[in-house]
Amino acid sequence: MATAAATTRLHRRTIGLRRAFAPIAEARGFARGMLWTGAGLTLFFVALAIFAPLISPYGFDQYQSGGHRFAQLAHPSHSHLFGTTVQSTDVLSRIVWGAQTELEVVALALVFGLLVGVPLGLFSGYFGGAFDRGAVLFMDAMFAFPPLLLAIVIAFLLGSSVNSGVLVAAIAITVTYVPQYFRVVRNHVISVREEPYVEAARALGAKPTTILRRYVFFNVVQNVPVIATLNAADAVLTLTALGFLGYGVQPTQGAEWGYDVSRAVSDAASGIWWTGLFPGLAIVLLVTGLTLLGEGLNETINPVLRKRAFRRVDFAASPSQALASETLEP
Amino acid sequence: MGVQGSSLKRYAITRLALVIPMLFILLTLVFVLMRVAPGNPVSASLGGHVPPAVIKQISHQLGYDKPLYTQYGHYMWDVVRGNFGTTISDRRSVGSIILVNGAATLELTFFAVIVALVVGLVVGLLAGRYRDSPIDAGGRLFGIVVYATPVFFLGLLAQLVFGVWLNWLPTSDQASPITQALLKTHTNIFFVDAIIDGNWGALWDVTKHLILPATTLGLVYGGVFIRLIRINVIRTLKEDYIEAARARGINERSVVYRHAFKNALVPVVTVIGLQLALLLGGAILTETTFNWPGLGHELYIYLQNRDYAAVQGIVVLFGLVVVLASIVIDFVNAFIDPRVRY
Amino acid sequence: MSSAGPVLDVRNLRVWYGSLRGQVRAVDGVSLEIDAGDVLGLVGESGCGKSTLGRGILGLLPEGARADGEVLYRGRNLVTMSQRDLRRLRGPELGLIFQEPMTRLNPLLRIEDQFRETIEQHDSKLTDADVRRRSLDTLGRMGIPPTRFRQYPHEFSGGMRQRIMIALALVLRPSLLVADEPTTSLDVIVEAQILRILADLKENFDTALLLITHNLGIVAEACDRVAVMYAGQIAEEGPARDVFADPKHPYTRELLRSTISLDTTELHSIPGAPPNLISPPSGCRFHPRCPDVMQVCPARDPIETQPDPDRRVLCWLHGPEQEIPAGGTQRLERPELAVAEEA
């Protein structure tokens, strides 16, 4: 008896959350395909990242084994499935370890970005006033910067003072995305703020924190997974771009796919393709996976784009209630 | 056109006025960022090559030993007059760098935008129109994968395939050395200069050099447009006036082309402006991959040399360009959509 | 009464939507007729299916909806007609006026262009001057001056936009016009103007008009006949004056009682809420809310009768006697409706 009551209570508590994500179960067609393909690809790389020590044949900067140096620029073979680089490192291992680097940085950047951008947006959107105006002006100015440029400059500035390349890259990426989180959250808060039910709550004397918590937050939270996954995709691109230019994660600190591609550019002239192709493909697949996941979520959650599923109309089904003379017995 | 003209003018003036505080913040931001780095900008870029006494002298000459707010004042005043400063490492005026290399970047981004628009419009419109059909699925997937491909990777592949294996197209520089020697400088934009000179051989050479970098950069950003245009077409087709048009018996083709497409394009113009910032970032990568002598490439080199003055000047320019472009875009928007003016 | 037969003859029309929760029977067996120059008012609560009926008649159904039955426009069945043929009829023969004028005009096109497009779509041989003349002529009847022909929609007020919409619908002189709540979002003064325009149509062009509204006052003022709709079916139909003076169906009676006028001293409402169209109540769909409900009402579907030569009603109160089983006319006792049923 107790468990039944507890289940019902749990049921009732989580109904908001479940209702928010119900559309995913109803996903049809392309949106569904995108969602699951994206999730699959993303999880694949997450698995690579988490289980890197187990999966990777060699270390990320390992150029020898048992005193025996690996061949330089070796073609893909069964001992080096994706070949080796000019520094005799195994390309496949660098791909696997690289997954760890990418996801570490992106996860950090996401968390930082949300921690800074969301509260700022909530506060600014709900309370308005001078703070809001100032914040919007500031964020708009930030938007005017080419994001990659901003990231490069920040990575460049921090690179000398902060030791961890991962942290440097994460902060650089965060700075470029905070304006976006801020703007999206703020706009959403503003539109929700004007909703009749919020006005009603205010009229009933609810405190701002209560309103923010109960109504605004949940509404906004629905948007966050979509923005976060799409931002993660962009973050990977920014990170690899930084790596390509030599900023962010340094070669001594970890494997980074963008950096590998930059090293491969000189190999291309000699027709050596495996040093650049595999890291590049890894980037494409991870970003595609994240984007598909994000777009899939967007399609299913966003009501404007959601295509309602229909059942075929059948005029012969369920004829109207038949004669039921039994019910008439007095 | 009378009533229209004045409202357009009024809009332009208000818009320009709003931009000034934003520019102010932008410039201040760059200044602050550059000064945040520890140490003296001069010693950062020249230190180690040059004796300390000389560094002190140069610092004094360039004004880096004055108090910060004085430096700030000078900096703002300079920018207003169009003086973007002088580089520390090779004493060139940033203004001249902008003119020469900026022209190269302009050439690249211009053609890249054309490629992006063509790809984005065609695929996006078709995908939106035939929503949920295989055309739509294919178009969207194409857009997503192409955007997921880093510009430098696409560039690398392009170089491998078209440059090395097929040997059809050149993979670096803006034009061959011969062309560069023979071409007279008018605007610094090689493409335009070749046309002015009537030098068709040079034009062909320049075009060949343009194809790979512009297509690479354009393709990646085309991917962004595809997504955007498609969504707009879908949204527009749901609008009330579309149903009303169908109720009047307007055929589907007219409904889609005259009403939906045109209306769907309106937000696109804005997005081009917003994407410009992204495009400039991509230009940096493309120029580095293809050794294209544009501003992005220069920026990269100056960053390596830790030449803060040069970096500052170029970054300010990038910011200004984006802000100005957004004004132009807003203006164009107001022209297309009469509702915006109010 | 024209001797050529009714302009519109709807026979047992059903329009169902296939939603995931079940088939929504928005229009479930509706028959009606409109002659040239006649105005038929269609009234009912929100959600009773009137809009769907209006669109279903013209074949303008949203995705997922299907129609069954016959809609004979001058003898041609619109339900089975191809989309292409239907499209040709829309404009010159069939017209639709929508409820919200604010969003029904393409904001990027001048009024001039919208007219030109409509006219040229159906008659591409007209010269520019002809197109202009016809457009200005129709607009003029609506009270829109020619000087504003080249303006954009947002430069007009709501009432004017509705008049432009009506002009657009009429410029090709359709014989059948469906007006879906044309004045609901407009103020009373503008409403009067629009109604006058619609009356004018009938006088000068012999247009058959189906006027959909939830406002009984409009019906009384502007309509020759009225059909009262409930839960996808026609509860009652007849000449407007007669129906209002002597309503046969309990629902009509209750509707009239809930209308607010200067004489109203107390608010009257019909208990309960409109029924669920996916699984409507058994037998007569109004029985859960009917003050005169009898034993037979939930048990058997009511059969349409003609209490007077020119009137129809779908209610067991009016027979047919032989179909009611013994004891069926006894009053049905029913617990108070506690909570409104979600429609």
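**Notes on a sheet in chain C and a helix pair in chain A**

1. In β8(C), C:L209 is the bridge partner of C:V39. Strands here are DSSP runs of E with at least two residues, helices are runs of H or I with at least four, and both are numbered from the N terminus. A word on the source: this is a predicted model, where local features need pLDDT of at least 70, side-chain atom pairs count only at pLDDT 80 or more, and totals for chains, interfaces and linings use all residues. Residues are numbered from 1 along each chain as its sequence is written, while chains are lettered from A and ligands numbered from 1 in the order in which they are written.

2. Strands β3 (residues 39–43) and β8 (residues 208–213) of chain C pair in the parallel sense, over five bridges; pairing takes at least two DSSP bridges between two strands.

3. Over in chain A, the axes of helix α5 (residues 129–144) and helix α7 (residues 165–193) come within 9 Å and cross at roughly 130°. Axes are lines fitted to C-alpha atoms, for helices over the stretch in contact, with angles from 0 to 180 degrees between N-to-C directions. That makes α5(A) oblique to α7(A); angles under 35 degrees are roughly parallel, over 145 roughly antiparallel, 65 to 115 roughly perpendicular, and the rest oblique.

4. Who meets whom? A:M139, A:M142 and A:F143 of α5(A) meet A:P179, A:F182 and A:R183 of α7(A), contact being C-beta atoms, placed from the backbone, within 7 Å.

Note on methods. Two residues are in contact if their C-beta atoms, placed from the backbone, lie within 7 Å.
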